Amino acid sequence: MGLEIERKFLVRGEGWRKAVSDSMRICQGYLNDEQRCSVRVRISGERAWLNIKSATIGAQRHEYEYEIPVADGESMLKELSCKPLIEKVRYFVPVAGRLWEVDVFEGENAGLVVAELELDHPEEPFELPEWAGEEVTHDARYYNTCLSTMPFGRWSQRDRNPAAGE
């Protein structure tokens with residue numbers, strides 16, 4: 001059984017950029033809108049994956065991932081995925097012997113920058129970089145599956161200006 005243990009933080013500033021070791025463009029879409037799990041297709045470069053992840057909120061979730069043909073992934077994104085698609089550039093940033101992933105979102109989620117760190121167990125200690133801001137591991141709004149149905153650009157404006165949502 002696959003298990004993902006991941007902590008998620010908002011990113012402050014641009015200080016992380018000087019330590020980037022690699023990056024990749026990602027386009028992904030969700031094939032369901034169920035409460036129990038998300039089913040996602042993701043394409044990055046010349047590879048594609050199908051991913052099933054439990055809808056549990058928090059740092060630890062069940063996760064299964066399988067590589068699929070790129071043509072199948074493209075077809076699923078076009079024909080089967082809920083819109084809008086999640087588009088982002090993922091940057092890999094080594095910090096204190098660990099590899100952080102910093103996602104810079106585009107499209108309807110533009111303006112959102114999130115850092116994630118995968119762990120071996122939920123209470124594992126790690127060094128928090130100076131550019132890691134508020135932890136949002138337990139805030140479902142920042143999960144990609146939620147960003148596909150309620151993009152950051154829609155609710156972040158209301159958070160900054162409550163009258164905009166009325």
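Predicted model: local features only at pLDDT ≥ 70, side-chain atom pairs only at ≥ 80, totals over all residues.

Which residues lie nearest the centre of the largest pocket? I found Arg40, Arg42, Lys53, Glu63 and Arg90 there, out of 21 residues in the lining.

Residues are numbered from 1 along each chain as its sequence is written, and side-chain values use heavy atoms, with hydrogens and water left out.

**Pockets**

The terms come from a 1 Å grid over the protein atoms alone: a pocket is an open set of points with protein on both sides within 12 Å along at least five of seven lines, a cavity is a set where a 1.4 Å probe fits but cannot get out, and lining residues have an atom within 4 Å of a point. Grid points are joined across faces, edges and corners, and a volume is the space filled by probe spheres set on the points.

The largest pocket holds about 380 Å³ of space. I sorted its lining by class and got 13 charged, 4 polar and 4 nonpolar residues. Here Ala, Val, Leu, Ile, Met, Phe, Trp, Tyr, Cys and Pro count as nonpolar, Asp, Glu, Lys and Arg as charged, and the others, Gly among them, as polar. The elements giving two or more residues to this lining are strand 1, strand 2 (22–30), strand 3 (37–44), strand 4, strand 5 (60–68), strand 8 and helix 2 (144–149). Helices (H or I, at least four residues) and strands (E, at least two) are DSSP runs, numbered from the N terminus.

Next I looked at the second largest pocket, with a volume of about 290 Å³. Its lining has 18 residues, and Glu34, Gln35, Ala55, Thr145 and Cys146 lie nearest the centre. Strand 3 and helix 2 are the elements that give two or more residues to this lining, and helix 2 gives the most, with 4. By class I noted 8 nonpolar, 7 polar and 3 charged residues.

**Cavity**

How many cavities of 30 Å³ or more does a search of the whole structure find? The search finds 1. About 50 Å³ of space lies in the largest cavity. The residues lining it are Glu4, Glu6, Lys8, Gly58, Ala59, Arg61, Thr137 and Tyr143. Strand 1 gives the most to that lining, with 3 residues.

**Cores**

In soluble globular proteins, nonpolar side chains tend to be buried together. I counted as a nonpolar core a set of buried Ala, Val, Leu, Ile, Met, Phe, Trp, Tyr and Cys residues joined through side-chain atoms within 4.5 Å. Buried means under 20% relative accessible area, exposed over 50%, partly exposed in between (1.4 Å probe, protein chains only).

The largest core has 16 residues, and Trp16, Tyr91, Val93, Trp100, Val102 and Trp131 have the most contacts inside it. Two or more residues come from each of strand 1 (3–11), strand 6 (86–95), strand 7 (98–105) and strand 8 (113–118). Strand 6 gives the most, with 4.

I then checked Trp16: setting aside neighbours within four places in sequence, Trp16 is in contact (heavy atoms within 4.5 Å) with Val11, Tyr91, Val93, Val102, Val104 and Trp131. Apart from this core lies another one of 11 residues, including Leu10, Tyr30, Leu112 and Trp155.

**Cysteines**

A disulfide is a pair of cysteine sulfur atoms within 2.5 Å, and by that rule I count 0.

Cys82 is in the loop between helix 1 (70–79) and strand 6. With 26% relative accessibility, Cys82 is partly exposed. Beyond four places in sequence, Cys82 is in contact with Tyr30 and Asn32.

Lys83 and Pro84 are joined by a cis peptide bond, with omega about 5°. Ala96 has a positive phi, near 50°, and is not a glycine. I placed Ala96 in the loop between strand 6 and strand 7, and at 55% relative accessible area Ala96 is exposed.
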